[in-house]
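Let's take a walk through this structure together. Have the sequence and the 3D view open as you read.

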Amino acid sequence: MATMAAKMVSAYFETRETPLQAVTESGDVLTCGWDFQGGSIRLFFFFDDDAHVHTQGVQFAKIPESAYDKMYKLMNDLNAKYKLAKFVFDAERGDIKVEDDAVVSLDTCGEEMFEIMIRIVKIVEDAFPTIQRAIWA
């Protein structure tokens, strides 16, 4: 059974013409895609209960094995620059993900999660050229 927050966030995103799809049968994990200048990102929202939401953005940067050694310094640099999101390099999958954890209010969770999604997309869009330079330099 989806949490009330997941249901409310999904309904709010519909009003913003950004439909979310349920990933799990319970409806506690939702996803959507978003385009930004230079690429796209897939966002996942994990609802632990009606107050805690973990957001992950993935599939925006595929890292070739030849660039793996550069990624750890890059993650440190990005995490120092962007305080509201955490970048993580996943060497097993060869990609970078961006994460955010939030405590939301049931009364405003739709607006809050939409704002978090936009913030993550903007951060990734801003960081994307730096990521690409690190990969191909």
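What follows goes from the sheet to the helices and then to a few single residues.

A word on the model before we set off: it is predicted, so local features need pLDDT of at least 70 and side-chain atom pairs count only at pLDDT 80 or more, while totals for chains, interfaces and linings use all residues. Residues are numbered from 1 along each chain as its sequence is written, and side-chain values use heavy atoms, with hydrogens and water left out.

Start with the sheet. It is an open one of six strands, in the order β1-β2-β3-β4-β6-β5, and the pairing is antiparallel. Because β1 and β5 stand at the edges with a single partner strand each, one side of each has no neighbour in the sheet. The labels come from DSSP runs numbered from the N terminus: helices are H or I runs of at least four residues, and strands are E runs of at least two. Two strands pair if DSSP finds at least two bridges between them.

Now zoom in on β6, which covers residues 95-103 and pairs with β4 (residues 52-58) in the antiparallel sense over six bridges. One place to look is histidine 54, whose bridge partner in β6 is aspartate 101. Strand β6 also pairs with β5 (residues 86-90), again in the antiparallel sense, over five bridges. Here phenylalanine 87 has valine 98 in β6 as its bridge partner. β5 and β6 form a hairpin with four residues between them, and glycine 94 in the turn has a positive phi of about 70°. As you trace the strands, keep a general point in mind: in a regular strand the side chains alternate between the two faces of the sheet.

Helix α2 lies across β5 and β6, and runs at about 170° to β5. For such angles, axes are lines fitted to C-alpha atoms (for helices, over the stretch in contact), and the angles run from 0 to 180 degrees between N-to-C directions.

How do the helices meet each other? The axes of α1 and α3 come within 8 Å and cross at roughly 65°. That makes α1 roughly perpendicular to α3; angles of 65 to 115 degrees count that way, those under 35 as roughly parallel, those over 145 as roughly antiparallel and the rest as oblique. On the α1 side the contact is made by Ala5, Met8, Val9, Tyr12 and Phe13, and on the α3 side by Cys109, Gly110, Glu111, Met113, Phe114 and Met117. Contact here means heavy atoms within 4.5 Å. By class, this contact of α1 with α3 has nine nonpolar, one polar and one charged residues. In that count Ala, Val, Leu, Ile, Met, Phe, Trp, Tyr, Cys and Pro are nonpolar, Asp, Glu, Lys and Arg are charged, and the others, Gly among them, are polar.

The other helix pair is α2 (residues 68-81) with α3 (residues 109-136), which pack at an angle of about 160° with their axes 10 Å apart. α2 and α3 are therefore roughly antiparallel to each other. From α2 come Lys70, Met71, Leu74, Leu78 and Lys81, and from α3 come Asp126, Ala127, Thr130, Ile131, Ala134 and Ile135. Sorted by class, the contact of α2 with α3 has seven nonpolar, one polar and three charged residues.

To finish, a few single residues. Threonine 3 sits in the segment before α1, and it is buried, with a relative accessible area of 13%. Buried means under 20% relative accessible area, exposed over 50%, and partly exposed in between (1.4 Å probe, protein chains only). Leaving aside neighbours within four places in sequence, threonine 3 is in contact with Asp28, Phe47, Asp49 and Asp50.

Move on to the loop between α1 (4-15) and β1 (21-22), where you'll find arginine 16. At 42% relative accessibility, arginine 16 counts as partly exposed. Arginine 16 and phenylalanine 114 are 98 residues apart in sequence, yet 8.7 Å apart in space, C-alpha to C-alpha. Glutamate 17 lies in the loop between α1 and β1 too, and counts as exposed at 74% relative accessibility. Its phi is near 55°, a positive value in a residue other than glycine.
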